[in-house]
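Here is a short briefing for a reader who is new to this structure. Look over the sequence and the model, then work through the topics below.

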Amino acid sequence: NRLLSIRGQRRSPFPNPRNSFSVHLMEIDHGEFCRAIELPGSINADTITAKYKNGWLWVRMPKT
């Protein structure tokens, strides 16, 4: 159906929840996430590849 779905979970950046400090603002939340991206018709869905490296998810979507 031409949708690329990505889901996962980002751990809290603070390993111990009992730390004695608080965070006022965090750009990227932690916890579960899910994204759905509609693929254009020019993408060959059978050749999509993905790799996770150094904390980044790289998705390659070659055109037809």
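Which residues make a nonpolar surface patch of about 370 Å²? The patch is made by Y52, L57, V59 and M61. This is a predicted model, in which local features need pLDDT of at least 70, side-chain atom pairs count only at pLDDT 80 or more, and totals for chains, interfaces and linings use all residues. Residues are numbered from 1 along each chain as its sequence is written, and side-chain values use heavy atoms, with hydrogens and water left out.

**Overall build**

- The protein chain has zero helices and four strands. Helices (H or I, at least four residues) and strands (E, at least two) are DSSP runs, numbered from the N terminus.
- From the N terminus on, the order of elements is β-β-β-β.
- The protein chain has 64 residues, and 8% of them count as buried. Buried means under 20% relative accessible area, exposed means over 50%, and partly exposed is in between (1.4 Å probe, protein chains only).
- Accessible areas come from the Shrake-Rupley method with a 1.4 Å probe; for residues, only the protein chains shown count as cover.
- Take the contacts in the protein chain between residues at least 6 apart in sequence: 39% of them join residues at least 24 apart. Contact means heavy atoms within 4.5 Å.

**The nonpolar patch**

- Patches are made of residues with over 30% relative accessible area and no salt bridge; like charges are joined within 9 Å, nonpolar side chains (Val, Leu, Ile, Met, Phe, Trp, Tyr) within 5 Å. A salt bridge is a side-chain nitrogen of Lys or Arg within 4 Å of a carboxyl oxygen of Asp or Glu.
- Y52 sits in strand β3 (residues 49-53). Its relative accessibility is 62%, so Y52 counts as exposed.

**The largest pocket**

- The largest pocket holds about 550 Å³ of space. Its lining has 15 residues, and the closest to the centre are Q9, R10, I28, F33 and G55.
- Two or more lining residues come from each of β1 (3-10), β2 (31-38) and β4 (56-60). The largest share, four residues, comes from β2.
- On a 1 Å grid over the protein atoms alone, a pocket is an open set of points where a 1.4 Å probe fits, with protein on both sides within 12 Å along at least five of seven lines; lining residues have an atom within 4 Å of a point. Grid points are joined across faces, edges and corners, and a volume is the space filled by probe spheres set on the points.

**Strand β2**

- R35 is in strand β2. Leaving aside neighbours within four places in sequence, R35 is in contact with L4, S5 and I6.
- R35 and G8 are 27 residues apart in sequence, and their C-alpha atoms are 9.3 Å apart in space.

**Loops**

- T47 lies in the loop between β2 and β3. T47 has 32% relative accessibility, so it counts as partly exposed.
- Beyond neighbours within four places in sequence, T47 is in contact with R60 and P62.
- P40 is also in the loop between β2 and β3. At 44% relative accessibility, P40 counts as partly exposed.
- N54 is in the loop between β3 and β4. Its phi is near 55°, a positive value in a residue other than glycine. N54 counts as exposed because its relative accessibility is 70%.
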